[in-house]
Amino acid sequence: MKETDYDELSFKQLLKYAEKGDEWAQYLVGLEYAFPENDEEADEEEAVRWFSKAAEAGVPEARFRMAERLFTGSGIGQDTEAAYDLP
């Protein structure tokens with residue numbers, strides 16, 4: 001099976017992978033929404049949506065990003081207890 005080179009994908013292509021259930025692509029899409037390039041404004045709610053999908057699929061980096069957002073309330077209601085409870 002061929003490994004995906006995510007660095008070579010455009011955002012549109014990455015989003016297609018994410019929508020098809022690719023956990024790592026979901027995490028990367030979350031990063032794109034959380035830390036956009038070209039002075040665009042972050043969309044924290046959309047970032048949380050994608051981080052949540054990737055976290056549920058077991059991506060450790062996504063669980064960290066979800067805990068971070070739950071702790072700060074960025075893009076989601078603040079819930080420090082839930083942030084600490086993420087596996």
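How many residues apart in helix α2 are tryptophan 24 and tyrosine 27, and what helical distance separates them? They are 3 residues apart, so about one helical turn lies between them. Helices here are DSSP runs (H or I, at least four residues), numbered from the N terminus.

Before going further, a word on what you are looking at: this is a predicted model, in which local features need pLDDT of at least 70 and side-chain atom pairs count only at pLDDT 80 or more, while totals for chains, interfaces and linings use all residues. Residues are numbered from 1 along each chain as its sequence is written, and side-chain values use heavy atoms, with hydrogens and water left out.

Back to our two rings. Tryptophan 24 and tyrosine 27 form a tilted aromatic pair, 5.0 Å centre to centre with 45° between the planes. (Rings of Phe, Tyr and Trp, the last by its six-membered ring, pair if their centres lie within 6.5 Å; planes under 30 degrees apart are stacked, over 60 edge-to-face, and the rest tilted.) Tyrosine 27 is buried, at 7% relative accessible area, whereas tryptophan 24 is partly exposed at 31%. Here buried means under 20% relative accessible area, exposed over 50%, and partly exposed in between, with a 1.4 Å probe and protein chains only. Ring pairs also bring in Phe51, making a cluster of Trp24, Tyr27 and Phe51.

Now follow α2 to its neighbour. Helix α1 (residues 11–19) packs against helix α2 (residues 23–34) at an angle of about 135°, with the axes 8 Å apart. On the α1 side, Phe11, Leu14, Leu15, Tyr17 and Ala18 meet α2 residues including Leu28, Val29 and Tyr33, where contact means heavy atoms within 4.5 Å.

The model has 4 aromatic pairs by the ring rule. One of them joins phenylalanine 11 and tyrosine 33 edge-to-face, at 5.6 Å centre to centre and 85° between the planes. This pair links distant parts of the chain, with phenylalanine 11 in α1 and tyrosine 33 in α2, 22 residues apart. Phenylalanine 11 is partly exposed at 32%, and tyrosine 33 is partly exposed at 22%.

Finally, look at the loop between α2 and α3 (44–56), where asparagine 38 lies. Most residues other than glycine have a negative phi. Asparagine 38, however, has a positive phi near 60°, and aspartate 39 has a positive phi of about 60°. Asparagine 38 is exposed at 67%, and aspartate 39 is exposed at 83%.

Terms used: Axes fitted to C-alpha atoms, helices over the stretch in contact; angles between N-to-C directions. Helix = DSSP H or I, 4+ residues; strand = E, 2+ residues; numbered from the N terminus.
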